[in-house]
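Visitor: I would like to go through this protein step by step. Please show me the sequence and the structure before I ask anything.

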Amino acid sequence: MQLAQFTSGNGPRVGLVQGESLVDLTSRFDVTDMLELMARWDALQATLQAIREHEQDFALAKVRLLAPVTRPGKIFAIGLNYADHCQEARLAVPEHQTWFTKAGSSINGPFDSIERPAVSEQLDYEAELVAIIGHRCRNVPKARAQEVVFGYCVGNDVSVRDWQLLTTQWCLGKSFDHAAPIGPWITTADAVNPHSLGIRSFVNGQKRQSSNTRHLVFNVFDMVAYLSQAMTLEPGDVIFTGTPMGVGLHFPGGPVFLKPGDVVRVEIDRLGAIENRVEAGSGEPMIS
């Protein structure tokens, strides 16, 4: 099942994706956002299965898709989680999971613009599988980790490289506004094997990354088990699972960074695609 947040000009809504159309769950069940749908999932799931083949309210082409989770409590991202990416970075494959955070305010829509900040010209892309937590949980055994994942979507761990690499702490360079586009919807965990999915990125139509999630060093369930030893995971928390080789920082012949006007597309088999145009940030002060 594929579940989206969208707007058709009358405020954010939650929808069930059915081919090229959407079933409006907000009007039918008074579901205000994805977090509320997760909270009511056990009660609504059977009903959604029954209506998905027979109802439609909006054409996908006529709505604006929003990030499927708009303000998560936590965003965690794992570094160096594909061996080929470690190789291109000239770093050893890590023995332990290496984590950093991204600010909740970095969440961005699947087709919204990415800002190249006025303070840097080193804007980069990272195609990633994203896992969305669906249950409040702590100390989850790996064998049960799949129970707490609500679903998966496509993500781009946008990185401002000079800010990222200026210190040993990466989180600031990973947390600029617009630096976490996700979507285009959540594919529920029962519908997909997260460890057998082709993943690709393109810049202006040129393929930059191509791999498969079977090559993750630490798989999704390893990650959930590890993180949940440190903290309580909650519905709507977002986990970026790492990127394969082919990022702009390590482009053959020297770094190639994103510039205004570039279009970045990330595709993952069975999950869909997101596509974001780069726009120049003004750097103008904003106080409200």
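Visitor: Is Cys86 buried or exposed?
Guide: Keep in mind that this is a predicted model. Buried means under 20% relative accessible area. Cys86 has 0% relative accessibility, so Cys86 counts as buried.

Visitor: How many disulfides are found in the whole structure?
Guide: A search of the whole structure gives the number of disulfides as 0.

Visitor: Which strands stand at the edges of the open sheet?
Guide: The sheet has 5 strands in the order β9-β19-β18-β15-β16, with mixed pairing. A strand with a single partner has one side left without a neighbour in the sheet, so the edge strands are β9 (114-116) and β16 (206-212).

Visitor: What is the bridge partner of Arg200 in β18?
Guide: Strand β15 (residues 198-203) and strand β18 (residues 263-268) run antiparallel and are joined by 5 bridges. For Arg200, the partner in β18 is Glu267.

Visitor: What kind of pair do the rings of Phe76 and Trp99 make?
Guide: The structure holds 5 aromatic pairs. Planes over 60 degrees apart count as edge-to-face. The ring centres of Phe76 and Trp99 are 6.2 Å apart and the planes are at 75°, so the pair is edge-to-face.

Methods. Residues numbered from 1 in each chain as written. Predicted model: local features only at pLDDT ≥ 70, side-chain atom pairs only at ≥ 80, totals over all residues. Heavy atoms only, no water. Pairing = 2+ DSSP bridges. Helix = DSSP H or I, 4+ residues; strand = E, 2+ residues; numbered from the N terminus. Disulfide = S-S within 2.5 Å. Buried < 20%, exposed > 50% of the residue type's maximum accessible area, 1.4 Å probe, protein only. Phe/Tyr/Trp six-rings, centres within 6.5 Å; stacked < 30°, edge-to-face > 60°.
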